[in-house]
Amino acid sequence: MLLADSFRWVGVSGLFLAVNALSSSALAVESVPRATREYRVEFSADRVEVDGELGTLDLAGHVRVQAQRYLLKSPHLQLKRGARGVEVDGAAAVAFCACDDPPLQLHVHKALLAPPTDALFGSTTLLLGGVPIFWLPALWLRAPTRSALIFPRLAYRGADGFFVGDGVYFPLAVDDGRVVKSLTLDAGAYLVKGARIGAELDTEASTSRVAWDHVEHTALEIDAHGSAALSDANFAYRVDALRGARAPVESSSLEVAARRMDRARVAVSHVDEFALGFGVRADAPRAGALRDFGAAGPELYLGAAQALGDSATYDAFGTARTTVLSGNHSQTALGERATLNATARPGPLGVAFTAAQSSELQVGELRTDGTLRGGAQARIGLPLLRRFGTLAHFVEPVLIARGLVESSPRGSELHATSTALAAGGVDTSLGDHTVRQAASLSLRAGAIERLGENPSNAAFVSTAKAIADARWIGLAQSFALLGATPQMISLSRLRLGAADALHLLLHADGASNGSPAEARVLFDATWFDPAQPYLDRDGWSAGSELSVPWTRALTTTAALDYDLTARSLLAAWGGIGFRHPCGCLALSSFVGHRVGRPGVDAWLGFDLAP
């Protein structure tokens, strides 16, 4: 342990005493900068007695001792400089802030205050709101830059029963007193039913969490993401996986449990005149066997983009990927794509032309398939802008024409399909750039003509996108309609109230008669991509979340998700969050239930250094 070579005791009631004469009793570490070798203790008392031979201070009457973040109050205390820090003898109430009435206190009989912010307490009673919670014969609170035990974890996890756990924290790298890399190892037990072991590595650019959970069956949870700059390249990874037979019931979160796929991506890339990347990727259905890695294999990427004069650009890239499937079957996919963009401004009009081409070849052990795609788009708009002080109103009527052709082999013949689109619409937005509040609306309507083996048929298609972001309201709405039946999709998000005040979040999603994947061709960003459905099945669901900040320190939250089609509850949960105004304590709680997981989950957590 690095110890200070001088302690400064300051009496804020008027007495000042520098106890540098006692420095011979401490261990001096010359490699430590001077700024970190001085430990400051402030005190006030009605009466102070100094014993120079023993190096002690006797404080009596309304004693207050402040050492770093710890405040000790007592009728009588004795302070002495020891080999490891300032020794405090006497019963005292210990708070983690300078509040007159702190919510959390310790009642101790002895204390050792050691640099930088370590504290050792003897015969310690924890009081919450003045009520004793539990007693420990000794308690050692350590600085974030030191290895230590983490606070115990206690939870009730539905049918799994009570869970009790603890862990160890290791600061792996410290820069100027700030932890830049840390490792936390934790373990716990579901009493007599099972166990859980986890590890979390945190750096400034990454977070990696791995947990093994077992109750009758096993689940492996991995949530890792991060990046790092190498000498001439960038390294990035992202893993989101929940594997094992227990995976469907392991998480209390409906959003985590509802994900269909586990995905892993690791890549190294270099971007200069060309973009070159190499990586490994894996995709597997969620909750698969621990040893099943799904479709996994390496991938190579090469791309380039450049401007062609003042009004044209191109980009092109190619990929090569080999995938190993279950049963040791492998498949290699080769793909390339090229895009050419050109713009012109004849008078007040804005004209944009885009041509795109792509191909993909899939080579398997027993079969080879390929796909060729080509497309062109012409877009004509009349952009209009008017300002009203800080407000800017933008309106652009647009006309769009697009054509797509796709061909693929079927046996000895080449099968081709084509799609033509003619549409019109309007884009408009209104915003105040000084406060970054704005609203936008995009409307499109037109006709899609599909040509192929079947007789020609045309279908009406329309889409709408609305976005609003202001202090007291937020909105995100997507809507698409295709055909006469029709196929319909609606995705809605609404916030009423300021995000940092009382607010209500509402959401509703659903599809009828099949998700209108072909409607995506109306959107500029995805018109050339293969059509993917918005949702994977018909049905409608809705949910809400209400957040109520009762005070600056106390907030409650309640949420509900409901399946409107099946008329069943998907999830319901509530929580309380408390953060003391001085920042000495943070409390959080959760109580909830979700479909697919029996029982009710509940936990309570607290942090002394939020």
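Helices (H or I, at least four residues) and strands (E, at least two) are DSSP runs, numbered from the N terminus. By this definition the protein chain has 2 helices and 38 strands. The model is predicted: local features need pLDDT of at least 70, side-chain atom pairs count only at pLDDT 80 or more, and totals for chains, interfaces and linings use all residues. Residues are numbered from 1 along each chain as its sequence is written, and side-chain values use heavy atoms, with hydrogens and water left out.

Confidence is expressed as pLDDT, the predictor's confidence in each residue, from 0 to 100. The protein chain averages 85, and 91% of the residues score at least 70. Among its elements, strand 34 (residues 539-549) has the highest mean pLDDT, at 96. Strand 2 (residues 16-18) has the lowest, at 28. Over residues 1-37 the pLDDT is below 50. Beyond near neighbours in sequence, this stretch still has 75 contacts in the model, where contact means heavy atoms within 4.5 Å. Where pLDDT is low, the predicted coordinates should not be read in detail.

The overall dimensions were computed next. The C-alpha trace of the protein chain spans about 105 × 65 × 55 Å along its principal axes. The radius of gyration is 32 Å, whereas a compact globule of 610 residues would have a value near 25 Å. This radius is taken over C-alpha atoms, and the globule rule is 2.2 Å times the number of residues to the power 0.38. The accessible surface comes to about 33,500 Å², of which 62% belongs to carbon and sulfur atoms. Accessible areas come from the Shrake-Rupley method with a 1.4 Å probe; for residues, only the protein chains shown count as cover. Of the 610 residues, 34% count as buried. Buried means under 20% relative accessible area, exposed over 50%, and partly exposed in between (1.4 Å probe, protein chains only). Among contacts between residues at least 6 apart in sequence, 44% join residues at least 24 apart.

Strand pairing was examined at two places. Two strands pair if DSSP finds at least two bridges between them. Strand 34 has antiparallel partners in strand 33 (residues 503-512), over 9 bridges, and in strand 35 (residues 554-563), also over 9 bridges. Gly-510 stands opposite Trp-540 in strand 34. On the other pairing, the bridge partner of Glu-545 is Ala-559 in strand 35. A hairpin of 4 residues joins strand 34 to strand 35. In a regular strand the side chains alternate between the two faces of the sheet.

Strand 38 (residues 601-607) runs antiparallel to strand 12 (residues 153-157), with 4 bridges between them. Ala-155 stands opposite Trp-603 in this pairing. Strand 38 is also antiparallel to strand 37 (residues 586-594), through 7 bridges. There Ala-586 has Asp-607 as its bridge partner. Strands 37 and 38 form a hairpin with 6 residues between them. In its turn, Gly-596 has a positive phi of about 90°.

The structure holds 9 aromatic pairs. Rings of Phe, Tyr and Trp (its six-membered ring) pair if their centres lie within 6.5 Å; planes under 30 degrees apart count as stacked, over 60 as edge-to-face and the rest as tilted. The rings of Phe-235 and Tyr-237 have centres 5.9 Å apart and planes at 40°, so this pair is tilted. Phe-235 is partly exposed, at 27% relative accessibility. The rings of Tyr-301 and Phe-317 have centres 5.7 Å apart and planes at 25°, so this pair is stacked. The latter pair links distant parts of the chain, 16 residues apart: Tyr-301 lies in strand 21 (residues 295-307) and Phe-317 in strand 22 (residues 312-324). Tyr-301 is partly exposed at 34%, and Phe-317 is partly exposed at 29%. Ring pairs also link Tyr-70, Phe-96 and Phe-121 into a cluster.

The peptide bond from Thr-485 to Pro-486 is cis, with omega near -10°. Pro-486 lies in the loop between strand 31 (473-482) and strand 32 (487-496). His-62, in strand 5 (residues 56-67), has a positive phi of about 50° although it is not a glycine. His-62 is exposed, at 67% relative accessibility. Ala-287 has a positive phi near 75° and is partly exposed at 27%. Its place is the loop between strand 20 (275-285) and strand 21. Arg-260 sits in the loop between helix 2 (254-258) and strand 19 (261-271). The C-alpha atoms of Arg-260 and Pro-285 are separated by 6.0 Å, although the residues are 25 apart along the chain.
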